[in-house]
Amino acid sequence: MYVYERKTMEELQSALKGNGLTLSNLPEKGRCLLTTRDFHPGEVIISQEPYVCVPNKSPVYSRCDGCFTTSNLKKCSGCHVVWYCGSTCQKLDWKLHRLECEALSRLDKDRRKCVTPSIRLMVKLYLRRKLQSEKVIPTTATDNYNLVEALVSHMPDIDEKQLVLYAQMANLVNFILQQPDINIKEIAENFSKFACNAHTICDSELIPLGTGLYPVISIINHSCLPNSVLVFEGRLAVIRAVQHIPQGAEVLISYIDTTGSTMTRQKALKEQYLFTCTCPRCIKLGQSDDIQESAVLEGYRCKDEGCNGFLLRSSDDKGFICQQCDRVRDKEEIRKIASEVKSMSEKALMSLSSGNQLEAVSMHQTIEKLQRKLCHPFSISLMQTREKVLKILMELQNWREALAYCKLTIPVYQRVYPGFHPLLGLQYYTCGKLEWFLGDTEDAIKSVTKAIDILRITHGTNTPFMRDLLMKLEEAHFEASHKLSCKNE
Ligand SMILES: [Zn+2]
Ligand SMILES: [Zn+2]
Ligand SMILES: [Zn+2]
Ligand SMILES: [Zn+2]
């Protein structure tokens with residue numbers, strides 16, 4: 001370990017100490033974050049501003065570089081690449097953007113078009129490093145480039161094609177920066193670090209807004225059964241406990257959507273984060289309850305509509321046998337429905353991308369009917385189809401039908417997101433919103449209360465989103481009591 005690196009870690013360690021945390025190194029996992037005291041559900045464990053971040057690029061709308069809003073934007077008159085919502089955001093960003101603006105302004109029109117968010121993130125990384133080394137921007141124990149240096153890159157595990165891509169991107173970054181002391185190989189390695197360490201910044205309703213690098217948050221390891229959750233308050237990354245975490249335990253969040261079977265989760269983690277998960281759920285791979293779980297989540301339903309048994313492949317491979325009632329489903333019959341679903345899905349995608357929402361919704365409803373015949377009632381693909389129908393129906397402002405689909409997803413959500421999970425909370429919130437629109441005040445109160453019970457743990461109570469939600473609940477209570485008093489008169 002280099003001297004500066006040891007010093008960086010010592011400083012970080014003492015900063016963490018005040019938070020009831022300690023940095024450790026486990027032989028099989030590498031760096032990890034442990035607690036030195038108990039944490040209660042809903043308690044903030046740690047929060048961090050990004051070292052660098054960029055908003056997502058969308059063909060439809062732009063976002064402010066400072067706060068990610070989409071309203072009242074003006075293009076930076078220097079580079080014509082970056083947008084701001086006003087002088088406050090522009091001023092806060094100016095030390096860094098001044099250099100970026102100069103660099104981007106040097107580019108010709110065609111090259112400027114190649115400046116994707118990932119390229120910008122890297123350019124900003126080097127500019128911020130430069131400004132910190134020149135002491136224009138101060139460094140702290142949790143905000144310095146050495147922490148970025150210490151992140152894993154998994155370079156040896158990256159395939160040739162990806163390496164070529166990183167090298168091309170590094171060349172462009174190098175061309176933009178024109179700093180003589182920068183090493184292209186190091187830039188390429190940093191792209192690999194971004195791939196497994198950068199976080200998608202989302203709003204309170206988990207809509208992706210941008211990408212940020214949070215080197216301290218990146219130390220936190222993954223579990224498919226996490227004890228903590230990462231949410232964002234603006235650009236601030238906040239880790240909250242979602243269960244009681246005793247002193248000496250490791251703080252764990254989930255890097256992926258944990259709904260899939262063990263095989264699916266393992267594949268996603270290997271592909272994007274290049275490691276094999278050994279969490280309590282994953283070590284059960286191949287055991288009988290794990291096989292049952294994946295047959296429910298990703299398998300077929302019983303021939304008998306009233307039976308909720310899960311199906312396993314028969315030993316002669318001619319069909320699938322219900323493990324509850326022994327009925328057999330023919331492989332050919334399953335194949336036929338599955339191929340109908342596939343061709344229908346392609347058509348639905350086409351009508352959605354051409355903007356024909358009415359056609360798209362009826363196609364997805366057909367897919368849903370087919371999947372009900374095909375998949376287990378708790379199947380993830382069935383749930384995802386219902387999600388899509390719900391989303392389009394809401395865009396079409398068809399509240400009544402949207403609510404019916406929203407309600408169908410809840411039991412599956414409860415099953416795949418046990419305990420305090422932001423997605424379950426948000427789904428209750430959607431339910432409540434729809435009931436409110438439809439004038440079902442009593443039901444809306446029940447749903448929003450369920451939403452708040454979960455979201456106060458995952459999101460805290462002091463964000464604008466949560467304050468708004470709590471106010472809505474109060475409003476609903478007021479309306480309900482008003483309705484009641486009218487009835488009594
Ligand atoms: Zn802004
Ligand atoms: Zn500019
Ligand atoms: Zn796992
Ligand atoms: Zn059955």
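Let's start with one pair: Ile 321 stands opposite Val 328 in strand E15. (Strands, labelled E, are DSSP runs of at least two residues, and helices, labelled H or I, are runs of at least four, numbered from the N terminus.) Strand E14 (residues 319-322) and E15 run antiparallel, joined by 3 bridges; two strands pair if DSSP finds at least two bridges between them.

Zoom out and you get an open, antiparallel sheet of 3 strands in the order E13-E14-E15. Its edge strands are E13 (311-313) and E15 (328-330), each pairing on one side only.

## About the model

This is a predicted model: local features need pLDDT of at least 70, side-chain atom pairs count only at pLDDT 80 or more, and totals for chains, interfaces and linings use all residues. Residues are numbered from 1 along each chain as its sequence is written, while chains are lettered from A and ligands numbered from 1 in the order in which they are written.

## A strand covered on both faces

In a regular strand the side chains alternate between the two faces of the sheet. In strand E4 (residues 52-55), Val 52 and Val 54 on one side and Cys 53 and Pro 55 on the other are all buried, with buried meaning that 20 or more other C-beta atoms, placed from the backbone, lie within 10 Å of a residue's own.

E4 is joined by 4 bridges to strand E8 (residues 208-213), and the two run antiparallel. Val 52 has Leu 213 as its bridge partner in E8.

Methods:
Buried ≥ 20, exposed ≤ 12 C-beta atoms within 10 Å, placed from the backbone.
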